[in-house]
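Hello! Here are some notes to read alongside the model, arranged as numbered points.

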Amino acid sequence: MNRSIAISVLAMLTLAACATPQPGTPAYTAQQEQKKQETRVETVKTVVDDLPPWFTSPPVDEFSIYAAGTATSSDLQFSEDKAVLSAKRGLADRINSRISGKLKEFLSESGAAENTQVLAESERVTSNLITEVNLAGYTVTQKKFIPAGTQYRAYVLLQYPIGSANRILVDQVNKNNILQGKLRASKAFQELEKDIQDARKSNKVDNLK
């Protein structure tokens, strides 16, 4: 009876040894690669399952521009900082598109769209505006952290008020003699300028209360 037990145990150990490839063998390397692949698949699935809805579908309204970003780091704060930087790049692109579109609208309406000097000034002002807009004015309206293996994954949503972008646009145009002279012929620019002036007057009244 004892001999039978010993034979059974030996057989089980032999099977276990066969099921676990020895380090350094091709079978062992293939097994480790398979485990890594399974881990990556599970990590991707976890990230997708935990995506906040505002990351895949940022809000849209007439008062703000939104952009989302994500990043990972072994440091919680650094993961957020990197995510904000990623979102700021997206925000800058959207603001750039909006400002460029506004200037083209003004130029077309004023009849100055074919003037090469005005177009060059428009491009220069747009470039300056993006630098100024990208430095300040945004707020982090949403954030979320999830574990990503041994790291943190941060998601953030940035909001930039359209009014701020419009105000900077009007200020920069009014500082440029070439653009100011041409764009004042645009009714759209005049209306935007009036909106900015009214908003400033309103803010002054509010500050006096």
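1. Which residue in β3 is the bridge partner of G69? The partner is V156. Helices (H or I, at least four residues) and strands (E, at least two) are DSSP runs, numbered from the N terminus.

2. A word on the ground rules. This is a predicted model, in which local features need pLDDT of at least 70 and side-chain atom pairs count only at pLDDT 80 or more, while totals for chains, interfaces and linings use all residues. Residues are numbered from 1 along each chain as its sequence is written, and side-chain values use heavy atoms, with hydrogens and water left out.

3. Now for the sheet. It is open, has three strands in the order β1-β3-β2, and its pairing is antiparallel; two strands pair if DSSP finds at least two bridges between them. β1 (64-73) and β2 (139-148) are the edge strands, each pairing on one side only. On average, neighbouring strands of this sheet are turned by 15° against each other, direction ignored. Axes here are lines fitted to C-alpha atoms, for helices over the stretch in contact, and angles run from 0 to 180 degrees between N-to-C directions.

4. The strand pairs can be followed residue by residue. β1 pairs with β3 (residues 151-161) in the antiparallel sense over ten bridges, and S64 has P161 in β3 as its bridge partner. β2 and β3 are also antiparallel, over nine bridges. V140 stands opposite L158 in β3, and Q142 has L157 in β3 as its bridge partner. The hairpin of β2 and β3 has two residues between the strands, and G149 takes a positive phi near 70° there.

5. Helices α4 and α6 meet at an angle of about 50°, with their axes 11 Å apart. That makes α4 oblique to α6 (angles under 35 degrees count as roughly parallel, over 145 as roughly antiparallel, 65 to 115 as roughly perpendicular and the rest as oblique). The contact (heavy atoms within 4.5 Å) is made by R98, I99, K102, L103 and F106 of α4 together with I162, N166, L169 and V173 of α6. By class, six residues of this contact are nonpolar, one is polar and two are charged (Ala, Val, Leu, Ile, Met, Phe, Trp, Tyr, Cys and Pro count as nonpolar, Asp, Glu, Lys and Arg as charged, and the others, Gly among them, as polar).

6. Finally, the aromatic rings. The structure holds two aromatic pairs; ring centres of Phe, Tyr and Trp (its six-membered ring) must lie within 6.5 Å, and planes under 30 degrees apart count as stacked, over 60 as edge-to-face and the rest as tilted. The rings of F55 and Y155 have centres 5.2 Å apart and planes at 75°, so this pair is edge-to-face. Because F55 lies in helix α3 (residues 53-56) and Y155 in strand β3, the pair ties together parts that are 100 residues apart in sequence.
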